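Take a moment with the model below. The walk-through starts inside the protein and then turns to one chain as a whole.

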Amino acid sequence: MDIIIQALINGLLTGSYYGLAALGLTIVFGVIKVINFAHGSLLMVGMFAAYWMVRLTGWHPYAALIVVVPLLFLFGYALQGILIKPILEGQRDVREPTEVIIVTTGVWYILDNLALMIFGAEYRVVQTSISGQIFMLGDYIFPKAQLYGLITTAVTAGLVLWFLKYTRTGMSIRAASLDRDAASLMGINQYRVYNIAFGIGAMIAGIVGCVLIPFYYVFPTVGVIFDVKCFIIVVLGGLGSIPGALAGGVIVGLIESTFSQYMTSTWTELIVYVVFLAVLFIRPAGLFGEKRDW
Amino acid sequence: MNTGIQKRKTIDTTLKVLLVLFVFTVPLWVTSPTTLQILIFLFLYAYLTTTWNLVGGFAGVLPLGHSAYVGIGAYTSTVLFISYGVSPWIGMWAGGLIAAIVGIIIGIPTLKLRGAYFALSTMAFGEGVRVLVENTMQLGPFNINGPRGICVPLIPGNNIAAFQFLSKVPYYYIILVMLCVVLFITWYISRIRPGYYLAAGGEEPEAAQSLGVNVAKYKVWAMGLSCFLTALGGTFLAQLALYFYPKQILGLDFSFELAFIALIGGRGTIAGPVVGALILRPVSELTRIYLSAVLPGLHLVIFGLVLILVMLYQPKGLVGPLEKLYNWFLNKVSGTEKEVRT
Amino acid sequence: MALLEINNVSKHFGGLKAVDQVSMSIEKGQIYGLIGPNGAGKSTLFNCVAGTYGPTLGAIIYSGKDITGWKPWDICKLGIARTFQIVKPFQTKTVLYNTMVGAFIRTSNRSEAEDRSMEVLKSFKLADKAHTLAKNLTIADRKRLEVARAMATEPEMLLLDECMAGLRPNEVDQTLDEIRLIRDRGITIFMIEHIMRAIMSVSDRITVIQFGRKIMDGTPQEVAKDERVIKAYLGESYAAA
């Protein structure tokens with residue numbers, strides 16, 4: 001029993017940073033209606049940025065947020081403004097411009113391989129002040145770094161929801177996500193809104209980077225691992241849905257942690273795919289997605 | 001009809017006939033097995049992207065897990081050959097059938113949804129198949145050997161029934177004929193009702209439905225046909241390489257490569273995937289060979305840049321400008337001023 | 001017997017009653033108008049008839065057949081064609097290709113579909129643009145293509161959703177002539193229109209709806225005089241001002 005509860009705790013902790021990673025992806029999708037295939041690479045960039053911050057300054061990994069968050073926001077903002085905007089402008093009549101998927105995949109290849117050229121292929125770890133520390137609640141172990149990750153996820157998701165609901169920019173993002181033509185008629189500069197949404201997506205990837213640094217390896221293709229996971233999570237939860245991304249993340253985390261009690265981790269990976277396909281058949285639009293959505 | 005147009009037509013036909021003759025006589029004067037092998041792979045890629053294009057181009061969706069079907073084809077024919085001695089020529093049809101059924105089953109729930117779901121679902125499915133194969137040593141009566149992959153047992157000498165040849169020439173002709181057949185199928189479909197319905201449903205599903213098109217049904221059939229033909233290519237790949245393993249034949253990279261070749265060439269066109277393979281394969285091979293020794297990763301940075309530039313400046317693919325160039329050339333040599341519709 | 005019978009049809013979206021117990025019956029050969037202020041539920045009712053979604057309650061009977069909840073493609077095969085308020089041409093395809101998609105519903109033969117399409121295009125004065133890409137058409141031509149494409153399915157009944165919105169006055173007159181010509185070929189027309197002058201001059205009978213409910217139906221003269229209708233529209237014009 002204790003083992004199961006501990007496994008559930010681990011699953012929740014892991015699932016929270018999965019969910020946070022997926023949150024950035026789902027926000028971008030919600031607004032622009034295209035998948036950002038470079039999301040995992042942005043996460044990798046965030047991880048390297050946090051890694052070097054901690055490594056060079058010896059700061060607490062969460063202090064690195066001060067630099068990493070604005071850096072990634074600007075990066076995402078510029079990426080959308082420079083590379084994706086011209087495509088959206090050219091494909092005004094297309095509902096889901098697949099060209100964006102390809103461009104973001106190009107960005108993925110470039111970022112991952114630039115990282116490979118600059119930093120080499122080795123796996124890096126950095127010792128931070130919270131690495132390896134634990135917090136005990138009764139008999140149950142909470143690794144501190146992951147517990148902070150859970151809190152960060154909750155705070156970030158809360159802030160994002162608040163931002164979308166109560167700020168002027170947030171409201172224009174939601175308006176543009178409902179109907180991009182109508183929103184632009186209402187005087188919303190849709191491309192600025194897209195830039196901001198993309199910036200937020202990248203910024204969240206940066207936050208995940210800082211969260212992961214104390215307990216995760218950094219390497220150039222680390223993003224790919226999260227890419228596939230995030231895709232599964234957002235489809236599970238329903239593309240564009242914020243609660244869906246968080247719930248999907250926790251579900252995947254729980255599956256991995258509980259099943260790993262009984263089988264090797266490669267098999268738990270398979271279970272995730274099986275659950276994914278099962279959900280696809282039972283509720284194709286995902287747990288929180290709209291049912292009929294062309 | 002003026003003489004210029006007549007002349008233009010003659011030149012056009014002559015060039016096309018010459019091209020076909022050229023392609024079919026290559027093994028007569030190219031004897032180097034390495035060169036032939038490169039050409040064979042080129043055609044194999046053209047074949048696989050053309051079959052991808054049946055659903056990815058004409059049905060207007062973005063399948064990102066087609067390596068699963070290549071793998072199904074390769075594994076099915078090979079395990080049947082190993083376990084029961086079934087000729088790969090027969091095994092390939094079994095593989096195609098399984099791939100078609102799997103593709104249809106995956107397509108039914110996902111093709112009804114927004115395109116992004118389909119793209120992500122096919123991708124996750126492809127990865128799921130890879131993970132499954134990598135973790136399975138024994139699948140029912142068949143030994144698939146997990147992550148290490150399997151070898152096609154060698155049969156000494158040329159053996160037509162075993163789909164094994166010492167020379168590269170038979171492989172060259174087999175894949176060339178296969179490529180011609182799928183090009184013909186693509187061309188034929190684009191001219192009949194299902195082709196019109198697929199294209200219409202891909203572009204404006206609601207409008208197509210209101211004109212009497214059961215959009216999802218046509219997409220599902222296209223998916224089935226595409227997966228079937230893709231699996232046949234998988235068997236060919238298995239017989240050509242005689243050894244394959246999950247990371248290579250079922251990998252995400254492979255799926256992406258197939259999609260991107262078609263997209264860069266020009267999705268939804270007949271020649272697009274072939275053009276894409278003809279341009280991209282040599283570029284990616286050469287940059288890989290010459291640059292990866294200098295700076296690992298540089299060739300993929302270049303590939304990424306090419307992807308972005310093509311999408312920014314030729315989002316409909318390279319086949320469009322090439323066609324223009326060819327028409328310009330025809331007009332130049334035949335003296336016709338204005339563009340002529342063919 | 002009426003060709004199309006709408007019996008107490010309601011369509012709810014969550015708590016919103018977009019269409020609330022609307023009934024009407026359309027005779028064969030009529031031009032039947034459906035009017036009402038913005039958001040009255042006209043397009044929703046159209047979508048219920050065309051099968052985009054099934055009505056929450058009520059039944060739709062077409063020449064004696066209950067077609068409630070049928071799929072759009074089956075309804076089209078039965079002989080009801082529709083156009084969209086926001087036109088949806090197949091942008092990257094030619095005008096001819098667009099109409100051929102429609103024509104293929106009655107034949108699987110390509111050249112037959114092409115011949116029929118060309119005939120339709122001729123009658124809509126689009127024949128000389130047959131090989132133009134749809135995305136290069138003017139707004140007026142796109143609207144005309146939308147109708148031509150629906151006509152290529154050889155319908156008995158045509159649902160026109162604001163096919164004149166955004167057109168210049170002379171183009172509206174031209175479209176009205178075309179609508180009359182379609183009717184003269186024995187095709188029943190059920191249309192939504194905002195341009196009062198147009199719908200009043202062409203309709204045999206009109207139903208007015210507001211807030212999802214039917215206010216009245218009658219001849220154009222009756223509708224024009226009706227106090228409730230005037231109020232519904234005046235209210236709207238005040239709001240707009």
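This is a predicted model: local features need pLDDT of at least 70, side-chain atom pairs count only at pLDDT 80 or more; totals for chains, interfaces and linings use all residues.

**Cores and chain C**

Beyond its neighbours within four places in sequence, B:Phe236 contacts B:Ile40, B:Leu44, B:Phe163, B:Tyr171, B:Ile174, B:Ile175 and B:Met178.

Now widen the view. B:Phe236 belongs to the largest nonpolar core, which holds 255 residues. Together with A:Phe37 and C:Leu158, B:Phe236 touches the most other members of that core. Chain A supplies the element with the largest share: helix α8, residues 190-212, contributes 16 residues.

Turn next to chain C. Its secondary structure comprises nine helices and 10 strands. The radius of gyration of chain C is 18 Å, and the globule rule gives 18 Å for 241 residues, so chain C is as compact as a globular protein of that length. The C-alpha trace of chain C spans about 50 × 40 × 35 Å along its principal axes.

How much of chain C is buried? Of its 241 residues, 54% are buried. Look also at the contacts in chain C with a separation of 6 or more: 63% of them involve residues 24 or more positions apart.

Chain C exposes about 10300 Å², with 52% of it supplied by carbon and sulfur atoms. Chain C carries 32 positive and 28 negative charges.

Notes
Residues are numbered from 1 along each chain as its sequence is written. Chains are lettered from A and ligands numbered from 1 in the order in which they are written. Side-chain values use heavy atoms; hydrogens and water are left out. Helices (H or I, at least four residues) and strands (E, at least two) are DSSP runs, numbered from the N terminus. The radius of gyration is taken over C-alpha atoms; the globule rule is 2.2 Å times the number of residues to the power 0.38. Buried means under 20% relative accessible area, exposed over 50%, partly exposed in between (1.4 Å probe, protein chains only). Contact means heavy atoms within 4.5 Å. Accessible areas come from the Shrake-Rupley method with a 1.4 Å probe; for residues, only the protein chains shown count as cover. Lys and Arg count as positive and Asp and Glu as negative; His and the chain ends are not counted. The place of a charge is taken as NZ of Lys, CZ of Arg, CG of Asp or CD of Glu. A nonpolar core is a set of buried Ala, Val, Leu, Ile, Met, Phe, Trp, Tyr and Cys residues joined through side-chain atoms within 4.5 Å.
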